[in-house]
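Visitor: Please take me through one part of this model at close range. I would like the pairing, the packing and the ligand site in one connected account.

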Amino acid sequence: MKQDITISYDVFDRLEDLSPEDQKLLEAATKAAKDAYAPYSKFHVGAAVLTDNGNIIVGNNQENLAYPSGLCAERVAVFSTSALYPNQKIMAIAITAFSEQFVTDKPVSPCGACRQVLIEYEIRDNQPIRCILRGSTGQIFVFKSIHDLLPLQGNFLG
Ligand code: THU
């Protein structure tokens, strides 16, 4: 027997094509990327989380001379959200990045560890987390759930 996993996502060419809610979230992530502390990689990532109460919590990558001590933007944002608003569900996350050294014209996507962290909140809250991805320019990808970025983990969400 053989099975396939199919993942669908929406592709938008322009920021204005997104819903006003997603535009706002991506703009917050873009602003957050500018405040990243990324002196080593010079790769500035911004993330913005939307909760079911309408709060927007941003994060950006925080690097450290002891490299593994740093943290990705996505985890800064979701951990802050859970710390600040433990009873609010995470509805969506927007992620973007720019580099001081090259053009990021393709959507950036969360690393494996961040996907693992994100899906746990999706499972905890029984609420799919919409994931809006963009580089500094170019197309925007919107996934309806972290499950689509990490198939077979948290499978029961469907
Ligand atoms: N980084 C993120 O913040 N999120 C990602 O999805 C990929 C990588 C950060 C970690 C590090 O500070 C820099 O980008 C280069 O890898």
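Guide: Start with a bridge: Ile95 has Leu133 of strand S5 as its bridge partner. Strands here are DSSP runs of E with at least two residues, helices are runs of H or I with at least four, and both are numbered from the N terminus. This is a predicted model: local features need pLDDT of at least 70, side-chain atom pairs count only at pLDDT 80 or more, and totals for chains, interfaces and linings use all residues. Residues are numbered from 1 along each chain as its sequence is written, and side-chain values use heavy atoms, with hydrogens and water left out.

S4 and S5 are parallel, with 4 bridges between them. Two strands count as paired if DSSP finds at least two bridges between them. Together with helix H3, these two strands build a right-handed β-α-β unit. Right-handed means this: with the strands pointing away from the viewer, the path from the first strand over the helix to the second runs clockwise.

S5 has another partner. It runs antiparallel to strand S6 (residues 140-143), again through 4 bridges. Cys131 is bridged to Phe143 of S6. The hairpin of S5 and S6 has 5 residues between the strands, and Gly138 takes a positive phi near 90° there.

Buried means under 20% relative accessible area; exposed is over 50%, and partly exposed lies in between (1.4 Å probe, protein chains only).

Next, helix H1. Its buried residues include Leu25, Leu26, Ala28 and Ala29. They pack against S5 and S6, and also against S2, S3 and S4. Contact means heavy atoms within 4.5 Å. H1 covers residues 20-33; at 1.5 Å a residue its 14 residues should span 20 Å, and its end C-alpha atoms are 20 Å apart, which agrees. The expected span is 1.5 Å times one less than the number of residues.

Helix H2 (residues 73-84) gets the same check. Its 12 residues should span 16 Å, and its end C-alpha atoms are 16 Å apart, so the two agree. Ala73, Glu74 and Thr81 are among its buried residues. Their cover includes S2 (43-51), S3 (56-60), S4 (90-99) and H3 (112-125).

Thr51 sits in S2 and is buried, at 2% relative accessible area. Beyond its neighbours within four places in sequence, Thr51 touches Ile57, Thr81, Gln88, Lys89 and Met91. Val45 is also in S2, and its relative accessible area of 10% makes it buried. With neighbours within four places left out, the contacts of Val45 include Ala33, Asn61, Ala73, Glu74 and Ile95. Its C-alpha atom is 21 Å from that of Glu16, 29 residues apart along the chain.

The residues around the ligand include Val45, Phe43, Asn61, Ala73, Glu74 and Cys111. Each has a heavy atom within 4 Å of it. Ala73 uses a backbone N or O atom, at 2.9 Å. Glu74 brings a polar side-chain atom to 2.6 Å. A polar contact is a pair of N or O atoms within 3.5 Å; within protein, one must be able to donate a hydrogen and the other to accept it, and residues adjacent in sequence count only if both atoms are side-chain atoms.
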